[in-house]
Amino acid sequence: KEDYIGGILIKTDDGQEIINYPEQHIKNGVEKNKTTNYYFKKMVRIAKELRCQMKDLRYPYAQESSSFGVECLLWNIPNEYFTKYTTYRYAFDEIVSYLYDNRYSISDFLEANNIKKLCDTIDKINIYKGFIEELKGYYEYEI
């Protein structure tokens with residue numbers, strides 16, 4: 001069938017079911033990386049490194065956010081924000097600014113598989129909105 005979407009069902013020890021779409025996630029990430037002149041993955045690495053630093057410093061929302069979630073946040077940013085500048089610092093500043101300016105719309109953000117909502121609960125919305133606010137403050141302080 002042409003409308004078939006392959007996924008993986010994982011059952012946790014407590015019986016919860018988690019459905020993931022790794023093939024779509026990888027395909028979409030590769031495509032976005034190409035169309036952003038390979039800045040997408042570079043910016044994701046920077047964002048994940050900053051998240052790790054913030055976790056070490058006990059930023060509460062950074063501790064609650066996941067590496068996967070950070071990648072998905074950036075996946076939702078329009079491509080032109082990655083390619084506006086060739087200097088990493090300026091490109092990353094554009095990305096952080098976009099996330100901050102759109103933090104109240106993250107309930108519309110999708111995972112990088114382009115199928116599932118990134119924030120499917122109020123708790124996740126609050127975590128990622130809080131993470132974006134922490135990231136903006138931390139990033140501005142560090143540069």
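Phe82, leaving aside its neighbours within four places in sequence, is in contact (heavy atoms within 4.5 Å) with Lys32, Thr36, Tyr39, Phe40, Met43, Leu74, Ile77, Ala91 and Ile95. This is a predicted model, in which local features need pLDDT of at least 70 and side-chain atom pairs count only at pLDDT 80 or more, while totals for chains, interfaces and linings use all residues. Residues are numbered from 1 along each chain as its sequence is written, and side-chain values use heavy atoms, with hydrogens and water left out.

**The nonpolar core**

- Phe82 also belongs to the largest nonpolar core, which has 33 residues, and Phe82 is listed with Met43, Leu73, Leu74 and Leu99 as touching the most other members.
- A nonpolar core is a set of buried Ala, Val, Leu, Ile, Met, Phe, Trp, Tyr and Cys residues joined through side-chain atoms within 4.5 Å, where buried means under 20% relative accessible area, exposed means over 50% and partly exposed lies in between, for a 1.4 Å probe and protein chains only.
- At least two residues of this core come from each of α2 (39-56), α4 (67-75), α6 (88-101) and α7 (122-142); helices are DSSP runs of H or I with at least four residues, numbered from the N terminus.

**Helix α4**

- Seven of the nine residues of α4 are buried, so this helix is largely enclosed by the rest of the structure.
- The buried residues of α4 are Gly69, Val70, Glu71, Cys72, Leu73, Leu74 and Trp75.

**Aromatic pairs**

- The structure holds six aromatic pairs, meaning that the ring centres of Phe, Tyr or Trp (its six-membered ring) lie within 6.5 Å, with planes under 30 degrees apart counted as stacked, over 60 as edge-to-face and the rest as tilted.
- One of them is the edge-to-face pair of Tyr59 and Tyr138, with 5.5 Å from centre to centre and 80 degrees between the planes.
- This pair links distant parts of the chain, 79 residues apart, since Tyr59 is in the loop between α2 and α3 (60-64) and Tyr138 is in helix α7.
- Tyr59 is partly exposed at a relative accessible area of 25%, whereas Tyr138 is buried at 4%.
- Phe92 and Tyr139 form another edge-to-face pair, at 5.0 Å centre to centre and 65 degrees between the planes, and it joins helix α6 to helix α7 across 47 residues.
- Phe92 is buried at 2% relative accessibility, and Tyr139 is buried with a relative accessible area of 7%.

**Charges over Tyr100**

- Arg103 lies over the face of Tyr100, at 3.7 Å from the ring centre, and the charged end of Lys136 sits over the ring of Tyr100, 5.2 Å from its centre.
- A charge sits over a ring if NZ of Lys or CZ of Arg is within 6 Å of the ring centre and within 35 degrees of the ring normal.
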